[in-house]
Amino acid sequence: MKFNRPTVDVGKAQDLLLQHLTPLEAEIVPLLESFGRTLAEDVHATHPVPHFVKSGMDGYAVRAVDIQGATPETPALLKVNEVIPCGSLPTKPIGPGEAARIMTGAMLPEGADTVVMFEMTEERQEAGGDEGFEKKESLKYAVVFKEVPLGRNVSQIGEEMAAGELLLERGRTIQAGEAALLATFGFSEVPVVRRPRVAIFTTGSELLAVDAPLQPGKIRNSNRYMLTSLVQSASAQVVSLQTVPDDIEQARALVCDWMNRVDVVLTSGGVSVGDFDIMADLLDNWDGQVLFQKIEMRPGSVTSAAARGNAFLCALSGNPGACFVGFELFVRPVLHGLQARRQVLPTAFTAVLRGDYPKANIYARYLRGQTLLHEGKVYVEPVGKDQSSVTVSIKDSDCLIVIPPGGGVRDGEMVTALRLPSQPYA
Ligand SMILES: Nc1nc2c(c(=O)[nH]1)N[C@H]1C(S)=C(S)[C@@H](COP(=O)(O)OP(=O)(O)OC[C@H]3O[C@@H](n4cnc5c(N)ncnc54)[C@H](O)[C@@H]3O)O[C@H]1N2
Ligand code: MOO
Ligand SMILES: [Mg+2]
């Protein structure tokens, strides 16, 4: 079986995973703990926003008709009858020739329909020689030097959002904008989809702990940390993190045990055709569904997946570059799908390739790349060392450039690339 595994293409492998998947149940979490999680229910506006007529500026609440025709030469003079701080209620209606000092966000007094910014006015203690106003020490007047149209700087009830409006659809990831809306409507707790529970097992007798001194023939276990970071970036929860030597019985016992306790068992290493590739042996005798064991792609052709009940086993390559690509193409979609996210697969975009990629491929190649925006065009450029075994270029990639099977791609040709959500544009 090892040497003649049936192959599937990337799309088919993703379909096989997604077809098997049942979204997880909802739970209620405090708003502050909901970031990055998926909203489990639609959210409608429970009241209009704003829910009272409010000022958009610091200025004077006036009747537009009273300042009609005002200019620096012929200003309007209005009697100021109170100061309205934000959060307080006005106490006096605005009658003809009157105004109230009003702060940004404060409720407009009855009778007022317009706000003139302070910058267009001057404050005066007395009415001056104007016959129409009383002369009293305590009185304040606003001199308005500019006419502004009716309704200027005033927000009407429901202007931003009407009551009952659909604001957030289920399946949305809660980020800054969503959090602000949820808070606006008083959601101190939010219905979100449960985080997928993930067990990460890195396999390999050569693996050293991160704090161990180097030994000849051995390496430190970097996939353990890379995968943990990736799983967390998909809002999933790592509930078990263990390293297993290349011992099939030990690996089988661990995997079988945890398949009953988590949504995804994620392994790295041991999926190729080597004598100690224990995950490949384990999958050859899998008591459940084997979804695929070989994909028409590079790196990560040996990426494998299986299922038992609702749980997935995603067995990634041990080579760090292949492990990373395998995660982004297959594991993140599973974690997103389990969370019922609206978008499950990586976003594809077209871009101009920078630099030649002349190498011929029998399989599609997913090159680690960087996106560049230049003079209105989107470019993608391979980040350099791109072998499966290479770790150093992972940090520089914000996309995977898809090189189709065949004779390579030239500088300036259009290619498809996939955005990597774990690594935003540099
Ligand atoms: N005869 C063939 N040999 C290989 C083939 C092939 O088609 N025929 N494919 C090669 C390709 S491509 C890949 S990719 C690897 C896949 O290897 P495995 O998934 O079986 O992984 P291992 O054998 O366990 O390790 C490979 C490599 O990765 C290093 N590694 C493993 N785990 C970690 C870790 N946690 N952190 C850092 N590095 C890790 C390991 O030391 C090896 O160097 O097979 C090729 N061979
Ligand atoms: O499986 Mo390897 O990762 O094809 O490059
Ligand atoms: Mg191997």
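How do the residues of the shell around ligand 2 divide into nonpolar, polar and charged? They split into three nonpolar, three polar and one charged, where Ala, Val, Leu, Ile, Met, Phe, Trp, Tyr, Cys and Pro count as nonpolar, Asp, Glu, Lys and Arg as charged, and the others, Gly among them, as polar.

A note before the views: this is a predicted model, in which local features need pLDDT of at least 70, side-chain atom pairs count only at pLDDT 80 or more, and totals for chains, interfaces and linings use all residues. Residues are numbered from 1 along each chain as its sequence is written, chains are lettered from A and ligands numbered from 1 in the order in which they are written, and side-chain values use heavy atoms, with hydrogens and water left out.

**View 1. The shell of ligand 2.** Around ligand 2 we find Arg298, Pro299, Gly300, Ser301, Val302, Ala322 and Ser388, each with a heavy atom within 4 Å of the ligand. Polar contacts here are pairs of N or O atoms within 3.5 Å; within protein, one must be able to donate a hydrogen and the other to accept it, and residues adjacent in sequence count only if both atoms are side-chain atoms.

**View 2. The surroundings of ligand 1.** Ligand 1 has 21 residues around it, of which Glu206, Asn221, Gly270, Ser272 and Gly318 come nearest. A side-chain N or O atom of glutamate 206 lies 2.6 Å from an oxygen atom of ligand 1. Glycine 318 brings a polar backbone atom to 3.0 Å from a ligand oxygen, and serine 317 a polar side-chain atom to 3.4 Å.

**View 3. The magnesium ion, ligand 3.** Both protein donors listed for the ion are OD atoms of Asp277, 2.2 to 2.6 Å from it. Donors are N, O and S atoms within 2.8 Å of the metal (3.2 Å for Na, K and Ca), and water is not among the atoms, so sites may look incomplete. Aspartate 277 sits in the loop between β17 (264-268) and α5 (278-284); helices (H or I, at least four residues) and strands (E, at least two) are DSSP runs, numbered from the N terminus.

**View 4. Threonine 121 in strand β8.** Threonine 121 belongs to β8 (residues 121-124) and is buried, at 14% relative accessible area; buried means under 20%, exposed over 50%, and partly exposed in between (1.4 Å probe, protein chains only). A polar atom of its side chain lies 2.8 Å from the backbone oxygen of phenylalanine 118. Leaving out residues up to four places away in sequence, threonine 121 touches Tyr60, Val116, Val143, Val144 and Phe145, with contact meaning heavy atoms within 4.5 Å.

**View 5. Two loop residues with positive phi.** Most residues other than glycine have a negative phi. Serine 235, in the loop between α3 (223-233) and β16 (237-244), has a positive phi of about 60° and is buried, with a relative accessible area of 7%. Glutamate 375 has phi near 45° and is exposed, with a relative accessible area of 74%.
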